[in-house]
Amino acid sequence: NENNYGFLKWKYLNTNDKKKIWSLGSSRVLQFRSNMFDSTFYNAGYTISSINDFLPFLKSIPEKKYPEFLIMGLDQFMFNAAWDHLEKRVQAKSWQNSFTLYPGLSTYESIFKDIVERKYKFSDFHKDKSVAKIGINAVVNNTGFRSDGSMYYGIQIAKLIDKDTTAADYEFSGTFDRIRQGNKRFEPGNSVNEKALLELNELLKFCEQQKIQVVGFLPPYADKVYETMKESGNYGYLNEIYPKVKPVFDKYRYEIYDYSKVSWCKSNDFEMIDGFHGSELTCQNILISMLDSGSVLNKVTNVMKLKTELSNRENSYIIYNN
């Protein structure tokens, strides 16, 4: 029941010891790992959809649990009014109240459809005892959240390595469809939503008041995806985001980085999970790029250690095998 992911992460942050470092944002920040840092870390990704979700989420957590360092993923479409008019605002209790004991009817239908089509059987749930796997997605697709909040894309990575055309968004075909149809976060937009900049200002002001050191970044698209968007002429707002958010970050003496194109962090399309989700390798490259630029995150990790681990990576998507 994926509807409970946000609740589970909210619950973790509320009930466990304070973590010195968080990553916070949508699913596009989920590949930051505790292995990358020398201090305590939790990946709170997959809790945020809109630019105006950040502040209520932070307010839903006790102040004594706030991180000292916040790696904030700002999705480009958060600044596109065609995708989000910012007319709705969630309450701080939204995550706490989001828990549902049972999945929706469509989930049950999907499960039993898969059983009838013999995609898996109940005996599959007793095979692998080496790793604790909770839930159908974990057991069947070897996919789910680790204890540090990061996401492991088991079956997707295996398929990408094998060049299996059934991999999700294989060769970014699904993302290109979104661009052609102008939907699902790829709605056309010519200019940055000024309301989003106001929301960002309030968010950073709150973080300054709480003495949270923010390091923001624009997450990567695959180069082919980014170039297709630019060539279409329908996404003029992409060029405006960084020049407009930079002064807001500068106002509070915070860092902001633009990795909208994956090659800008010295990664590449073959290290992407799909058209707009970078892998663990991509996030390591992002972190290294920040550190090489003199980021405050140098206080909580070691760039030479990260570079060594990167060179000894398991494959093009995974660095750490735990």
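Helix H8 (residues 223-232) has Asp223, Val225, Tyr226 and Met229 as its buried residues (buried is under 20% relative accessible area, exposed over 50%, with a 1.4 Å probe and protein chains only). Seen down the axis of H8, these buried residues fall within an arc of 165 degrees, so they line one face of the helix. This is a predicted model, where local features need pLDDT of at least 70, side-chain atom pairs count only at pLDDT 80 or more, and totals for chains, interfaces and linings use all residues. Residues are numbered from 1 along each chain as its sequence is written, and side-chain values use heavy atoms, leaving out hydrogens and water.

**Around H8**
- Helix H6 (173-181) and helix H9 (237-251) are what the buried residues of H8 pack against (contact means heavy atoms within 4.5 Å).
- Lys224 and Glu231 are exposed on the other side of H8.

**Second largest pocket**
- Leu160, Glu171, Asp269, Phe270 and Tyr317 lie nearest the centre of the second largest pocket, out of 17 lining residues.
- By type, the lining of the second largest pocket splits into nine nonpolar, two polar and six charged residues.
- Helix H5 (154-161) and strand S8 (272-274) each supply at least two residues of that lining.

**Ser60**
- You'll find Ser60 in the loop between helix H2 (54-59) and strand S3 (69-73).
- Ser60 counts as buried because its relative accessibility is 11%.
- Not counting residues up to four places away in sequence, Ser60 touches Trp10, Asn14, Ala92 and Trp95.
- The Ser60 side chain reaches the backbone oxygen of Phe57 at 2.6 Å.

Notes
On a 1 Å grid over the protein atoms alone, a cavity is a set of points where a 1.4 Å probe fits but cannot get out, and a pocket is an open set with protein on both sides within 12 Å along at least five of seven lines; lining residues have an atom within 4 Å of a point. Helices (H or I, at least four residues) and strands (E, at least two) are DSSP runs, numbered from the N terminus. Ala, Val, Leu, Ile, Met, Phe, Trp, Tyr, Cys and Pro count as nonpolar, Asp, Glu, Lys and Arg as charged, and the others, Gly among them, as polar. A polar contact is a pair of N or O atoms within 3.5 Å; within protein, one must be able to donate a hydrogen and the other to accept it, and residues adjacent in sequence count only if both atoms are side-chain atoms. The arc is that of the directions from the helix axis to the C-beta atoms.
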